[in-house]
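Visitor: I would like a close look at one part of this model. Please start there, then walk me through the rest.

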Amino acid sequence: ALSPTGCPVSPEAAEFDPFDAPYQLDPAEALRWFREQEPVFYSPKLDYWVVSRYEDVKAVFRDNVTFSPSIALEKLTPAPPEATKILEGYGFAMRRTMVNEDEPDHMERRRLLMDAFLPENLEKHEAWVRELVRDYMDRFIDKGHADLVGEMFREIPMTVALRFLGVPNEDAKELRKFSVAHTLNTWGRPSPEQQLQIAEDVGQFWQTAQTILDHMCADPSGEGWMYDSIRMHNRHPDIVPESYLRSMMMAILVAAHETTAFATTNAFRTLLSNRESWNDICENPALIPSAIEECLRAAGSVVAWRRIATEDTQLRGKTIPKGGKLLIVQASANRDPRHFENPDEFDIYRHNSAEHFTFGYGAHQCMGKNIARMEMRIILDEFVRRLPHIDLVEDQSFE
Ligand code: HEM
């Protein structure tokens with residue numbers, strides 16, 4: 001096989017398939033050979049250039065002009081025409097939002113809309129987030145067992161996001177009905193039937209989000225980031241256009257939900273499988289913030305991200321042609337021994353855990369990172385105080 005630049009593809013690169021079990025189970029491990037031998041390679045099965053080393057992932061994230069994020073949310077498995085028809089029926093007209101927007105539009109908008117995400121402005125949310133967490137724990141704490149993902153970790157990030165946006169309670173109930181499988185939709189290989197179901201869900205989600213936004217626009221005096229955005233739209237309609245508001249109403253919930261739910265899930269699984277670390281944070285909860293960074297490094301919930309080359313360019317000696325798509329694998333960078341000493345060891349005392357790329361890097365770095373961190377910190381804090389003796393159900397632990 002040849003790459004698009006006419007270079008021969010190594011047998012390892014020709015074989016690589018991110019849908020195979022090894023990558024699905026442990027992407028960093030599946031890319032170990034490549035990190036050492038062929039850190040940037042063309043994958044014919046995926047038609048992407050795969051980037052596996054810390055330094056190279058950073059270089060791609062840093063240059064969002066040569067490496068445009070416009071494909072960040074493109075479906076890896078294209079929708080069949082029937083699904084597109086369903087979406088059209090719902091008037092679905094999702095625009096680029098923030099994460100897949102090019103400069104200079106992206107930065108202008110990000111600056112106008114950043115305030116609510118700053119740590120000093122998040123403090124006021126801590127008390128109610130803690131109350132919410134306690135309330136969820138109260139529901140199962142006397143039972144002796146719980147499906148933490150289903151009963152709690154999937155619920156809280158959605159509730160927090162809706163309240164952060166300022167969506168009124170009644171409307172929030174409507175929106176919660178749509179548990180769209182976004183990871184499957186964007187990154188997976190949904191079957192034709194699943195594609196149709198997803199299209200229905202996305203279409204309904206889109207319409208409901210629109211109706212709620214209309215309510216909010218009718219009286220934009222409320223509190224919350226969506227109201228901030230509406231007010232910015234009224235002041236700077238050129239920078240924050242209406243089409244953007246509609247798309248963002250939906251996109252931000254997607255950005256905030258599964259990412260945080262699965263990061264929390266992975267953190268619990270990792271900490272409880274490394275009992276000494278769990279015991280340490282129980283004894284000294286001040287360690288929780290650094291333990292969270294190590295969990296995000298070792299078992300983050302976003303394992304890879306995407307960019308597209310806007311011109312012919314070089315990366316670690318390989319020529320990436322204009323239009324070449326890149327899969328930048330954060331999970332692999334996070335375990336690069338050139339940056340993290342003994343990267344396969346889980347170590348909550350590691351000095352540079354927070355340099356992981358799970359939230360991306362550079363101009364587009366996750367705006368919600370401190371919201372996610374706050375949720376994880378409060379959840380862990382409540383668990384180590386109230387349930388330090390919890391354990392994973394036998395076959396749920398992992399090696
Ligand atoms: C962007 C991960 C939670 C809102 C991103 C990006 C990643 C990411 C990888 C792209 C970064 C890049 O291109 O450099 C995560 C993870 C989360 C999380 C792992 C949880 C553990 C949240 C939450 C919110 C949020 C809770 C909002 C409430 C956003 C927004 C962007 C973004 C608005 C686009 C920023 C931009 O393009 O300028 N996130 N995210 N995220 N995230 Fe998150």
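Between which two strands is the loop where Arg316 lies?

Guide: Arg316 lies in the loop between β5 (313–315) and β6 (318–320). The model is predicted, so local features need pLDDT of at least 70 and side-chain atom pairs pLDDT 80 or more, while totals for chains, interfaces and linings use all residues. Residues are numbered from 1 along each chain as its sequence is written, and side-chain values use heavy atoms, without hydrogens or water. Helices (DSSP H or I, at least four residues) and strands (E, at least two) are numbered from the N terminus.

Look at the backbone of Arg316. Its phi is positive, near 45 degrees, and the residue is not a glycine. Most residues other than glycine have a negative phi, and most peptide bonds are trans. Arg316 is partly exposed because its relative accessible area is 37%. The cut-offs are under 20% for buried and over 50% for exposed, with partly exposed in between (1.4 Å probe, protein chains only).

Asp47 also has a positive phi, about 60 degrees, without being a glycine. Its loop runs between β1 (40–43) and β2 (48–51). With a relative accessible area of 43%, Asp47 counts as partly exposed. Now a peptide bond: the one from Glu103 to Pro104 is cis, with omega near 0 degrees. Pro104 sits in the loop between α6 (81–89) and α7.

Gly166 has a positive phi too, near 95 degrees, and follows helix α11. That helix (residues 156–165) is mostly covered, with 9 of its 10 residues buried. Among the buried ones are Ile156, Val160, Phe164 and Leu165.

Arg163 is where the charges over rings come in. Its charged end sits over the ring of Trp128, 4.1 Å from the ring centre. Arg297 does likewise over Phe340, at 5.3 Å from the centre. The test asks for NZ of Lys or CZ of Arg within 6 Å of the ring centre and within 35 degrees of the ring normal.

Rings also pair with rings. The whole structure holds 19 aromatic pairs. Trp33 and Phe34 make one that is edge-to-face, 5.0 Å centre to centre with 90 degrees between the planes. Rings of Phe, Tyr and Trp (its six-membered ring) pair when their centres lie within 6.5 Å; planes under 30 degrees apart are stacked, over 60 edge-to-face, the rest tilted. Trp33 is partly exposed at 36% relative accessibility. Phe34 is buried at 5%. The rings of Phe117 and Trp225 also form an edge-to-face pair, because their planes meet at 70 degrees, with centres 5.3 Å apart. Phe117 is in the loop between α7 (105–113) and α8 (119–122), and Trp225 is in helix α15 (residues 225–235), so this pair ties together parts 108 residues apart in sequence. Both Phe117 and Trp225 are buried. Elsewhere, ring pairs link Phe16, Tyr23, Trp33, Phe34 and Phe41 into a cluster.

Next, the iron. The iron atom of the ligand has a single protein donor, SG of Cys366, 2.3 Å away. Donors are N, O and S atoms within 2.8 Å of the metal (3.2 Å for Na, K and Ca); water is not among the atoms, so sites may look incomplete. Cys366 is found in the loop between α19 (330–333) and α20.

Other cysteines are worth a glance. Cys7 is partly exposed, at 41% relative accessibility. Cys217 is partly exposed as well, at 29%. A search of the whole structure finds 0 disulfides, taken as cysteine sulfur pairs within 2.5 Å.

Helix α20 (369–386) turns up again as cover for α17. It is among the elements over the buried residues of α17, together with α16 (242–273) and α18 (288–298). In α17 (residues 275–283), Ser277, Trp278 and Ile281 are buried. They sit on the same side of α17 because they cover an arc of only 100 degrees around the axis, taken from the directions from the helix axis to the C-beta atoms. Glu276 and Glu283 are exposed on the other side of α17. An α-helix has 3.6 residues a turn, so residues three or four places apart point the same way.

Last stop: Leu184, in helix α13 (residues 182–187). Leu184 counts as partly exposed because its relative accessibility is 27%. Leaving out residues up to four places away in sequence, Leu184 touches Arg189, Pro190, Gln194 and Ile198; contact means heavy atoms within 4.5 Å.
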